[in-house]
Amino acid sequence: MVEITVAYYLGIDGGGSKTACAIGDEDIILASSMAGPSNITRVGEERARSSLHQAIRAACDAAHLNPKEINSACIGAAGAARADVAAAIRQAAAELIPGEIAVVGDMAIAMEAAFGAGPGVVVIAGTGSIAYGRNSRGETTRAGGWGFTIGDEGSAHWIGREAVSRLLRTLDERSDHGSGSPHGTPVDFTFGSLFPQLKAIWNVDSLEQLGRIANSNPDFSVLFPAVLSAADSGDKLALEVLESAAAELSRIANIVISHLLADSAVAPIAMVGGVFRHSKTIRQRFFDQVRAEHPNATLNPEVVEPVFGALQIARRSKS
């Protein structure tokens, strides 16, 4: 009797707000899980390690597997090009998984999920943002992705920061600035629904407190749902922030297309990340502005899940 050995593979998309994990055999996906953030540069090694372990254990439990049964794994993470970051991620995963572990950039797993080995441009807009592309000759380039302090335009972090900034600038332009309460904040000051939404998340009572927290190096990405909610209720300022985010994301997409695919018959575009997933306004404005500059652009209307690209890379990396 011939014994059939089944190989199991694991893929992880380790982001700044969540960690997605998928387990499969050669052909199908057996289970998936979600855990907290595992971007080391944003949350540190200890929290990243905890999130990776939680995601791996939860997916294995759902698939009725022991982590030691995993033959190979691929982990996609921002900052993986840095040797120290890649080593820390690999070490954390190796505490549970004895098989081969590949650590690659988040762009690599997004490209795999969207296009396999083919040409195209992925625009990632999650906690951070970046555009990355490849042409039919295998040449690659990127735009954006310079970090939340100086860049990452159009990301959830950028959207939250931009909403606070515009809110405070709009206050300066009001004719009643300087009346009603300390620091020139009128008692009934709300600016539609945006300020109430923001203050509920950060638990503040005034714009003065909002500004103080904003200048303490907070995680602005947590404000993204508030901006979405305000925009859905018709708040003009929140809508303007989302439209500006779409413009920033189309800008980096157009840069990559210009470098790699401007002369191609078709320039395939894929969207990745929670900003695209949760905002129809950004999706629509983004593609309209890309097409205005590059009529050869074609858009996958579905937001791509990079974790499945990580799983596919793991399958190819089997020992």
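Guide: What follows is a chat about a predicted model.

Visitor: Let's start inside. In the largest nonpolar core, which residues touch the most other members?
Guide: Ile159 and Phe286 do, in a core of 52 residues. Helix 8, residues 236-260, gives the largest share of this core, with twelve residues.

Visitor: What does Ile159 touch, leaving out residues up to four places away in sequence?
Guide: Its contacts are Gly154, Phe224, Val227, Val241, Leu242, Ala245, Val275 and Ile282.

Visitor: Which side chain does Asn254 pair with in a polar contact?
Guide: The side chain of His294, at 3.0 Å. Setting aside residues up to four places away in sequence, Asn254 touches Gln289, Val290, Glu293 and His294.

Visitor: Changing topic: pockets. What's the volume of the largest pocket?
Guide: About 1,200 Å³. Its lining is made up of 46 residues, and Gly16, Asn39, Ala78, Asp106 and Gly128 lie nearest the centre.

Visitor: Which elements give two or more residues to that lining?
Guide: On the strand side, there are strand 1 (8-14), strand 5 (100-105) and strand 7 (129-134). The helices are helix 1 (40-63), helix 3 (106-115), helix 7 (224-232) and helix 9.

Visitor: And which element gives the largest share of the lining?
Guide: Helix 9, with four residues.

Visitor: How do the lining residues divide into nonpolar, polar and charged?
Guide: There are 18 nonpolar, 18 polar and ten charged residues in the lining of the largest pocket.

Visitor: Since helix 9 came up, where is Arg277 found?
Guide: Arg277 is in helix 9, which covers residues 274-278. Arg277 counts as partly exposed because its relative accessible area is 27%, between the 20% and 50% cut-offs.

Visitor: What does the Arg277 side chain pair with in a polar contact?
Guide: The side chain of Glu305, at 3.0 Å. Not counting residues up to four places away in sequence, Arg277 touches Arg283, Val303, Val304 and Glu305.

Visitor: How many residues separate Arg277 and Ala125 in sequence?
Guide: They are 152 residues apart in sequence, while the C-alpha to C-alpha separation is 9.2 Å.

Visitor: I'm also curious about helix 3. Which of its residues are buried?
Guide: Met107, Ile109, Ala110, Met111, Glu112 and Phe115 are buried there. Just after helix 3, Gly116 takes a positive phi of about 60°.

Visitor: On phi, what value does His64 have?
Guide: His64 has a positive phi of about 60°, although it is not a glycine. His64 lies in the loop between helix 1 and strand 4 (70-77).

Visitor: Why does His64 count as exposed?
Guide: Because its relative accessible area is 71%, over the 50% cut-off.

Visitor: What about Asn203, where does that one sit?
Guide: Asn203 is in the loop between helix 5 (194-202) and helix 6 (207-214). Asn203 has a positive phi of about 55° without being a glycine, and it is exposed, with a relative accessible area of 69%.

Visitor: And Asn135, buried or exposed?
Guide: Asn135 is buried, at 5% relative accessible area, and lies in the loop between strand 7 and strand 8 (140-144).

Visitor: What's in contact with Asn135, beyond neighbours within four places in sequence?
Guide: Pro119, Leu260 and Leu261. There is also a polar contact of 2.7 Å between the side chains of Asn135 and Glu139.

Visitor: Last one: which side chain does Arg169 make a polar contact with?
Guide: That's Ser165, side chain to side chain at 2.6 Å. Arg169 belongs to helix 4, residues 156-173, and is partly exposed, with a relative accessible area of 44%.

Key:
Residues are numbered from 1 along each chain as its sequence is written. This is a predicted model: local features need pLDDT of at least 70, side-chain atom pairs count only at pLDDT 80 or more; totals for chains, interfaces and linings use all residues. Side-chain values use heavy atoms; hydrogens and water are left out. A nonpolar core is a set of buried Ala, Val, Leu, Ile, Met, Phe, Trp, Tyr and Cys residues joined through side-chain atoms within 4.5 Å. Buried means under 20% relative accessible area, exposed over 50%, partly exposed in between (1.4 Å probe, protein chains only). Contact means heavy atoms within 4.5 Å. A polar contact is a pair of N or O atoms within 3.5 Å; within protein, one must be able to donate a hydrogen and the other to accept it, and residues adjacent in sequence count only if both atoms are side-chain atoms. On a 1 Å grid over the protein atoms alone, a cavity is a set of points where a 1.4 Å probe fits but cannot get out, and a pocket is an open set with protein on both sides within 12 Å along at least five of seven lines; lining residues have an atom within 4 Å of a point. Grid points are joined across faces, edges and corners, and a volume is the space filled by probe spheres set on the points. Ala, Val, Leu, Ile, Met, Phe, Trp, Tyr, Cys and Pro count as nonpolar, Asp, Glu, Lys and Arg as charged, and the others, Gly among them, as polar.
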